[in-house]
Amino acid sequence: MTPPRAPLPWLLAVACLAAAACGSGAAPPPAAEASRPMTPTDANAGERMAEVHLGPHRFRIPSNYFDIERGQDAQGFMRLILRWPELAPLPAGTHYLSGGESERARNIDISPDYIDRVPLQTSLERDLISNTDSEQERRENPTLNPDLRIHGDPVHGLTPYYTDFAKVDAYYRERYGKHADTAAQRHSPFNNDWLVGRDAQGTLTTVIKCTSREEPEGARIVEGRLELLDAPMLPSCSHSFLMPRYGANVRVSYQRIFVRDWKRIEQRIREIFDNGYLGDAPAR
């Protein structure tokens, strides 16, 4: 009997920062270009467009890029859905949960947040190291301290920091006693592996946290197509990067097997917002 598959983890636990009033220090974006041609993947949206904003920055984006084709809710939250491998939106009128599990597993889930209460770079640094009030725990817990993780060889141009489960088990036994259920901690999101990107100056640019490499793949790619395997779960990733032009931290989630395309995903998301940029709202 095939074991039940765990629900698809579209959004992993990440540090959440509220957006509000000035402090990112990001340079204002240049004036909007007069007109931008729509990309081929925009063509099926026809006349249906959604106007959305990131802080003062306004955009017009085809409505079928959004999860429920209405753009942005009253609180300013927006979620865009692309499908791998094309990184194209769903056809207009198609629900993002349609098509069965094999189709839903192809979804790339995108949530940009305008950041202005803290410097934009700080928001990305907090996505790397979980926000805990205890400096001692941040220093001693092997899941939080990158120096206590296993430093691996580069993967897809990123630096990996793998969970060291021997250290994790020892930490929980020391903290909770020799009868601590360390096995129950194996599937915790805190034990995800980290993949980190930095620029030539060493500044953090990309943070990707994926289900531990100790968990087997739940899918494979065959001739450019995703095939689900007979596995109890689909390992996934949460991916954060910045769009400084718009003062935004973008959080993305997808299946772990897609992490090879992380750079293409970032480029595609920037393209969507650059193509749809209208300029800034008039100052009040």
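1. Strand 8 (residues 204-210) and strand 11 run antiparallel and are joined by 5 bridges; strands pair here if DSSP finds at least two bridges between them. Within this pairing, V207 has S240 of strand 11 as its bridge partner. Helices (H or I, at least four residues) and strands (E, at least two) are DSSP runs, numbered from the N terminus.

2. A note on the source: this is a predicted model, in which local features need pLDDT of at least 70 and side-chain atom pairs count only at pLDDT 80 or more, while totals for chains, interfaces and linings use all residues. Residues are numbered from 1 along each chain as its sequence is written, and side-chain values use heavy atoms, with hydrogens and water left out.

3. Strand 11 (residues 236-243) is mostly covered, with 8 of its 8 residues buried (under 20% relative accessible area, 1.4 Å probe, protein chains only). S236, S238, S240 and L242 point one way, C237, H239, F241 and M243 the other, and all are buried.

4. Strand 11 also runs antiparallel to strand 12 (residues 248-255), joined by 8 bridges, and L242 has N249 as its bridge partner there. Their hairpin has 4 residues between the strands, and G247 takes a positive phi near 60 degrees.

5. Do have a look at the open sheet too: 3 strands in the order 1-2-13, with antiparallel pairing. Strand 1 (49-54) and strand 13 (277-280) are its edges, each pairing on one side only. Strand 1 pairs with strand 2 (residues 57-62) over 6 bridges, and H53 stands opposite R58 in strand 2.

Definitions and conventions. Buried < 20%, exposed > 50% of the residue type's maximum accessible area, 1.4 Å probe, protein only.
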